[in-house]
Structure formats: structure tokens, C-alpha cells
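This report examines selected local features of a single structure. The sequence and model are shown first, and the description follows.

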Amino acid sequence: MALADYINNKPVIETNRLIIRPMTVSDVSALKKWMPDKSIYTYWGKGPSKAEMNPELLFEKQERPAKSFHLGIAEKNSNEVIGDLWVYLIENDRMAQVAIRLSKEKHGKGYGTEALSAMTRFCFENTELQRLWTQVDVRNTGSVKMLEKCGYSKEGLIRQGKMVNTWCDYYVYGILASDIQQHTNSGLLRS
Ligand SMILES: CC(C)(COP(=O)(O)OP(=O)(O)OC[C@H]1O[C@@H](n2cnc3c(N)ncnc32)[C@H](O)[C@@H]1OP(=O)(O)O)[C@@H](O)C(=O)NCCC(=O)NCCS
């Protein structure tokens with residue numbers, strides 16, 4: 001299956017503690033608790049948008065067809081959405097970018113590593129995707145550690161480049177389908 005096929009048929013991915021799933025209007029009250037929190041946007045490349053300040057707006061318009069998909073990250077025990085992630089800029093079903101964020105209250109519990117590992121595995125095991133990559137502000141220590149724990153490699157440093165809407169030093173991190181077996185053997189990317 002091509003990754004783009006999942007845009008209209010979004011996957012549900014289960015890990016030990018999390019369910020990565022499409023979001024609905026019933027998730028708005030959970031989103032309101034963390035999505036407008038400016039502190040999670042420090043290294044995000046832009047501040048919260050109008051819809052991120054008012055998450056009900058996310059569900060008012062029908063999602064536009066795009067080369068991306070966006071999923072919520074819910075805690076299994078409560079089904080409450082505590083974060084979200086994107087696989088986006090899907091190019092020729094071969095390469096795509098990832099982004100992830102979590103409620104501040106949930107940082108440092110291993111959830112970021114658990115969700116990103118699972119999403120990464122899902123993409124490589126179920127689709128023809130060959131490469132996932134992301135940009136990360138060099139000051140974003142938590143994200144750098146999470147990416148490395150998920151088996152992503154630091155591929156380069158861009159000095160004072162444009163990351164979304166900000167100018168900063170950022171790393172490019174990437175992982176290939178062919179890296180997966182190696183990481184599985186070494187214990188990385190275990191969900
Ligand atoms: C990036 C993010 C998703 C990481 O999620 P998380 O659940 O906190 O990460 P994990 O708990 O899996 O942590 C991974 C490692 O980073 C470490 N870490 C997490 N936050 C850290 C921080 N602020 N400073 C230093 N280390 C940190 C953890 O201790 C862990 O290392 P360890 O296993 O050696 O203890 C989360 O910090 C976040 O939502 N940030 C705001 C949005 C953002 O910047 N997203 C990334 C854009 S590229």
C-alpha cells in the first residue's frame with residue numbers, strides 16, 4: 001500500500017500505553033487543555049494558530065485533501081488525546097516528513113519515543129515509504145533525544161535556516177526503511 005492511501009483511510013496504531021488514532025469533535029475538550037499552551041511552541045517554528053487556540057475550529061471545516069495526515073495520540077487508559085503527530089509532505093510515496101508534539105504535562109514519560117517509534121515502524125512496515133525525516137531546532141534537547149532513541153540519524157546542521165516561520169540553527173534528522181532491521185536488532189524502535 002502507498003502511504004498516501006492512508007490519507008483517506010487513516011490508521012489506528014496501538015502501543016503499550018497509547019493509541020494513535022484519528023481525532024473527532026469529541027476530542028475538543030481534551031485538546032483545549034494543552035493545544036493553546038504557548039510553551040509547547042518554543043521550538044515549533046511558529047506559535048499557536050487560531051485553530052490551535054480554539055481547537056473546536058479544527059473540526060468545523062472538512063479536512064482539505066493534502067499530502068499529509070494528522071493523528072491524535074491518546075492515552076490508552078483514558079482515551080484522552082494528549083498530543084498529535086503528522087506525516088506530511090509525502091513525496092512520490094517514497095519520502096515524508098514527521099512532526100510530533102505532546103501536552104507539556106505529559107513530557108518526559110517516554111510517550112514521544114513510544115508514539116514516534118510506532119508511527120515510524122508503521123510507515124516502513126505497511127507502505128512503500130523509504131525515508132522519513134524532520135527538522136529540529138538545535139536547542140530542542142528533548143526532541144533530539146527522542147529522535148535518536150527512535151533510530152533517526154543526524155544528517156546535517158543548517159545554520160540560521162528557515163524552520164517553518166522562524167530562523168534558527170536546526171538539525172536534519174532522517175531514517176530509512178533499510179535502517180529498520182538494524183535498529184530492531186539493536187533494540188531501538190521497539191514499541
Ligand atoms: C519533543 C517531544 C514530543 C518529546 O516527547 P517526550 O515524551 O517528552 O519525550 P520522551 O519522554 O520520549 O524523551 C526522550 C528522551 O529525551 C529526554 N527529554 C525529554 N524532554 C527533555 C528535555 N526538555 N530536556 C532534556 N531531555 C529531555 C528524556 O529524558 C528521554 O531521554 P532518556 O530516555 O535518556 O531519559 C515533547 O518534548 C514535545 O511535545 N515538545 C514540544 C513540541 C516539539 O518541540 N516537538 C518537536 C518538534 S521537532
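Apart from neighbours within four places in sequence, Glu155 is in contact with Val172, Tyr173 and Gly174, a contact being two C-beta atoms, placed from the backbone, that lie within 7 Å. This is a predicted model, in which local features need pLDDT of at least 70 and side-chain atom pairs count only at pLDDT 80 or more, while totals for chains, interfaces and linings use all residues. Residues are numbered from 1 along each chain as its sequence is written. Glu155 lies in strand β7 (residues 153-163); strands (E, at least two residues) and helices (H or I, at least four) are DSSP runs, numbered from the N terminus. Glu155 and Tyr173 are separated by 18 residues in sequence and by 5.5 Å in space, C-alpha to C-alpha. Glu155 is exposed, with 11 other C-beta atoms within 10 Å. A residue counts as exposed at 12 or fewer such atoms, as buried at 20 or more, and as partly exposed in between.

Strand β5 (residues 95-102) is mostly covered, with six of its eight residues buried. Its pairings are tabulated below; strands pair if DSSP finds at least two bridges between them.

| β4 (residues 81-91) and β5 | antiparallel | seven | Asp84 with Arg101 |

Three residues lie between β4 and β5, which form a hairpin, and Asn92 in the turn has a positive phi of about 50 degrees. From β5 the chain crosses through α3 to β6 in a right-handed β-α-β crossover: with the strands pointing away from the viewer, the path from the first strand over the helix to the second runs clockwise.

The largest nonpolar core has 41 residues, and Ile20, Ile73, Leu85, Val87, Val98, Ala115 and Met119 have the most contacts inside it. Such a core is a set of buried Ala, Val, Leu, Ile, Met, Phe, Trp, Tyr and Cys residues joined through C-beta atoms within 7 Å. Helix α3 supplies the largest share of this core, seven residues. Beyond four places in sequence, the contacts of Ile73 include Leu18, Ile20, Leu102 and Ala115.

In helix α4 (residues 141-149), Ser143, Met146 and Leu147 are buried. Viewed down the axis of α4, the buried residues fall within an arc of 100 degrees, so they line one face of the helix; the arc is that of the directions from the helix axis to the C-beta atoms. They pack against α3 (111-126), β6 (131-137) and β8 (166-176). The face turned away from the buried side of α4 carries the exposed residues Thr141 and Lys145. Just after α4, Gly151 adopts a positive phi of about 90 degrees.
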